[in-house]
Amino acid sequence: MAENGLGWRDKVLTLDSMNPWIKKVEYAVRGPIVTRAVQLEKELKEGAKKPFTEVIRANIGDAHAMGQKAITFLRQVSALCMYPELLNDPNFPEDAKKKACRLLEACGGQSIGAYSASPGIELIRQDVANFIERRDGGIPAKSENIFLSTGASDAIMTILKLLVSGEGLSHTGVLIPIPQYPLYSAGLAELNAVQINYYLDEENCWALNVEELRRALHEARKHCHPRALCLINPGNPTGQVQSRKCIEDVIHFAWEEQLFLLADEVYQDNVYAKGSQFHSFKKVLFEMGPKYSETVELASFYSISKGFMGECGFRGGYMEVINMDPGVQQQLSKLVSVRLCPPVTGQIVLDVVVNRPEPGDPSYQQFNQEKQAVLGALAEKARLTEETLNQAPGFHCNPVQGAMYAFPRIQLPPRAVEAAKAQGQAPDMFFCLQLLEETGICVVPGSGFGQKEGTFHFRMTILPPLEKLQILLQKLTQFHAKFFQEYS
């Protein structure tokens, strides 16, 4: 009740009157454990005594927040576009100036402060298409099928909005991997769609099994209409890189069952394990021949937040749609126009990522050295994380083949499980909260991503600097041993 000077009246918007589907949305990556981490940071700044001197945030794939340095050329071009007077500064290399001028000419009023076309600046969409063609060995890509976006998340939600319809047996269902990135469960909850879980095979390096897809699909058809299949490759939170054979099997399955494919490929630059290789769904689809390449509907997603760039704050990305019904593609164009346009600053950085310095360019050597340094460091930290955890009792960690995370399985004693249930918490949440309170390490419980009944995990990023990661892993394994003893 609120007083308006004439008496008391009810609020228009209350928990009872608000959109009920919003209340079902959960996003573990920024959930209660992160809220507590922020509180602890504030308490430390105010001089509170804790068993640790800093909070180590290993909960989210935010590279620059973890200390990764920006790629110089990306920032040079974005700075020149932001403040064109710098074009007269001799300290900026000529190829950066040339690129900035080209991009500014494509902007309204030659200013990145102007709105762009709703699907993105046409020049950048064409550069993205050229990038995809090079990546996929010459398979054509058309700029009209490219939609620039506010990171990949925005594009994924846009496609889900197009897919969701119906009620009862006609209600749209979407198959998502378990463990999954919580954007998918949150997005489906917001749109009141049916989440269909299929489980990745932890005993086989989180591989995707088509028989498991078939099981999930046939179960779901009893109560909804499965229309789409989502895949994350390389995997988040699981860090696996799917084989070409696996991707071929999935494409055949989608063709056979008439499912729309959503390929989340934002970590395609992040592949570390020997013998692992990124294969784009688009490339494999077209190499499988016209039976598939002319019929299977596909949307694939990319982001400047990941890879070697880690430019999360610029919010840039794209999606490419393949074999979309022309009428639906017009509706997609209409839908993205409602938001006017993606951030032009993000579009600028995306263009520099897909249209990089070439050998012989003044900036090529530095750009390539910085890129390889980032990816090399991530590969070393992926190896260190896997080896350290697997040497500690009570942990099992699959190889971190790609992406930016480890998703180890942990043993929790029965008394800890009972204590968690007594407090109304998932057992791995109970573990992660105590880990945070005693060590300052912030990781995300596996229950926020989904996991097989009776197993417990957490997701941690491998992004902290090597020295800090070594400290994190030491504290983590020591805490688990103490925790296990305390509750045994």
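The report below takes these topics in turn.

This is a predicted model, in which local features need pLDDT of at least 70, side-chain atom pairs count only at pLDDT 80 or more, and totals for chains, interfaces and linings use all residues. Residues are numbered from 1 along each chain as its sequence is written, and side-chain values use heavy atoms, with hydrogens and water left out.

**Strand β10**

Helices (H or I, at least four residues) and strands (E, at least two) are DSSP runs, numbered from the N terminus. Buried means under 20% relative accessible area, exposed over 50%, and partly exposed in between (1.4 Å probe, protein chains only).

Strand β10 spans residues 317-322. Six of its six residues are buried, so β10 is largely enclosed by the rest of the structure. In a regular strand the side chains alternate between the two faces of the sheet. Both faces of β10 are covered. G317, M319 and V321 are buried on one side, and Y318, E320 and I322 on the other.

Two strands pair if DSSP finds at least two bridges between them. β10 has antiparallel pairings with β4 and with β9.

| Partner of β10 | Residues | Bridges | Residue pair |
|---|---|---|---|
| β4 | 146-149 | four | L148 and Y318 |
| β9 | 298-303 | six | S303 and G317 |

**Helix α15**

Helix α15 covers residues 427-439 and has 13 residues. From its first C-alpha to its last, α15 reaches 18 Å, close to the 18 Å expected. The expected span is 1.5 Å times one less than the number of residues.

Ten of the 13 residues of α15 are buried, so the helix is largely enclosed by the rest of the structure. Among them are P427, D428, M429, F430 and F431. C432, Q434, L435, L436 and T439 are buried too. Just after α15, G440 takes a positive phi of about 80°.

**Cavities**

Rolling a probe the size of a water molecule over the atoms shows where empty space is left. On a 1 Å grid over the protein atoms alone, a cavity is a set of points where a 1.4 Å probe fits but cannot get out; lining residues have an atom within 4 Å of a point. Grid points are joined across faces, edges and corners, and a volume is the space filled by probe spheres set on the points.

The whole structure holds two cavities of 30 Å³ or more. Ala, Val, Leu, Ile, Met, Phe, Trp, Tyr, Cys and Pro count as nonpolar, Asp, Glu, Lys and Arg as charged, and the others, Gly among them, as polar. On that basis the lining of the largest cavity has eight nonpolar, six polar and no charged residues.

The second largest cavity has a volume of about 30 Å³. α4 (122-135), β9 and β10 each supply at least two of its lining residues. β9 gives the most, with three. The lining includes Y318 and E320, together with S300, F301 and Y302. It divides into four nonpolar, two polar and three charged residues.

**Cysteines**

A disulfide is a pair of cysteine sulfur atoms within 2.5 Å. The structure holds zero disulfides. For C101, the nearest cysteine sulfur is that of C81, 8.3 Å away. C101 is partly exposed, with a relative accessible area of 31%. C341 is buried, at 18% relative accessible area. Its sulfur is 10 Å from the closest cysteine sulfur, in C107, too far for a bond.

Note on methods: On a 1 Å grid over the protein atoms alone, a cavity is a set of points where a 1.4 Å probe fits but cannot get out, and a pocket is an open set with protein on both sides within 12 Å along at least five of seven lines; lining residues have an atom within 4 Å of a point.
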